[in-house]
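Hi,

Here is the model for you to open. My notes follow below it.

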Amino acid sequence: MLLWFIVLLPLLSCTPVERVTRVEPRSWLLAMNLNPGDSHTMHYSTGWTDDQFVGTYAEALSRDYINRLVWKQGVRYLALVRHQEGEVDAVKVFRFREPDRSLLDRFRETDPGRTVVTEGGPLQENISRNAPLIQHDPIFSASGDVAFNWNNSDNGHRIVLTGGQITATATEHSDKTRGLGNDFRCDPVEEQTLGGGKYAHEASLVGYSNYKQDGGTVLGSYALYVSKDADNFPLPGARLQLIIQVEPKHPSLEL
């Protein structure tokens, strides 16, 4: 018996310890959807700071939508997603500079506004080869970080990219800025439209004589997803849902 123990001892001592990978899924929550082609216009002064639901769960990805509960949650990551009837054709993921603040708090900072809210540029950027007219898209034709409440003179734009078509200063009198949640005739600090809605629009077009996406020219719908811990998003071709779970890019290894 002692002899067998002596023979087996080297084998027992060399048995490798099994490493177990624990992968906890992380969640993206749909905070907003913008459909420039529906009958509702989410321009600069509509919905962004009202602390109210817009739309319904059933039509969350087909019409304009804000989830009031998600809008008030503290979040660290933002995904800007362009989609065609719920299918992703372009996505950019960013990390907020100030973690754990809500979208509602950030969009309420209109005075002075022009706040760059993300840092380091996109953590992820994927565009389908079949995505239409990307060169005219205010988000996916542009580079840089995300800025909220970009204003100048009587212009207001809720979401722009710092490397996109934007005004250089708040005093510049120009209608050049292209983004999401726009109004070319408004009081951007008081969040009031001054043009009777004539110059208000959800999504701009870059390089078109007609500056706004509408029922005639729509590049797609735009979904805003937020997360506390997910830093990657499903690729073009994926179907969107109210809640999307992903695996972390760098799962931890535990013994």
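**Surface patch**

Phe53, Tyr57, Leu69, Leu242 and Ile243 make a nonpolar surface patch of about 490 Å². Patch residues have over 30% relative accessible area and no salt bridge; nonpolar side chains (Val, Leu, Ile, Met, Phe, Trp, Tyr) are joined within 5 Å, like charges within 9 Å. A salt bridge is a side-chain nitrogen of Lys or Arg within 4 Å of a carboxyl oxygen of Asp or Glu. Areas come from the Shrake-Rupley method with a 1.4 Å probe; for residues, only the protein chains shown count as cover. Leucine 242 is in the loop between S14 and S15. Leucine 242 is partly exposed, at 32% relative accessible area (buried is under 20%, exposed over 50%, partly exposed in between).

**Ground rules**

The model is predicted: local features need pLDDT of at least 70, side-chain atom pairs count only at pLDDT 80 or more, and totals for chains, interfaces and linings use all residues. Residues are numbered from 1 along each chain as its sequence is written, and side-chain values use heavy atoms, leaving out hydrogens and water.

**Aromatic rings**

There are 10 aromatic pairs (ring centres of Phe, Tyr and Trp, its six-membered ring, within 6.5 Å; planes under 30 degrees apart are stacked, over 60 edge-to-face, the rest tilted). Tryptophan 28 and phenylalanine 233 have ring centres 5.5 Å apart and planes at 65°, so this pair is edge-to-face. The two are 205 residues apart: tryptophan 28 is in strand S2, phenylalanine 233 in the loop between strands S14 and S15. Both tryptophan 28 and phenylalanine 233 are buried.

Tryptophan 71 and phenylalanine 107 are stacked, because their centres are 5.6 Å apart and their planes at 10°. Tryptophan 71 is in helix H2 and phenylalanine 107 in helix H3, 36 residues apart. (Helices, H or I, have at least four residues and strands, E, at least two; both are DSSP runs numbered from the N terminus.) Tryptophan 71 and phenylalanine 107 are both buried. Ring pairs also tie Trp48, Trp71, Phe96, Phe107 and Phe148 into a cluster.

**Charges over rings**

The charged end of arginine 114 sits over the tryptophan 150 ring, 4.1 Å from its centre. Arginine 158 lies over the face of tyrosine 44, 4.0 Å from the ring centre. The cut-offs: NZ of Lys or CZ of Arg within 6 Å of the ring centre and within 35 degrees of the ring normal.

**Sheet**

An open antiparallel sheet has 5 strands, ordered S6-S8-S9-S10-S13 (strands pair if DSSP finds at least two bridges between them). Its edge strands are S6 and S13. Threonine 115 stands opposite phenylalanine 148 in S8.

Best wishes

Key:
Buried means under 20% relative accessible area, exposed over 50%, partly exposed in between (1.4 Å probe, protein chains only).
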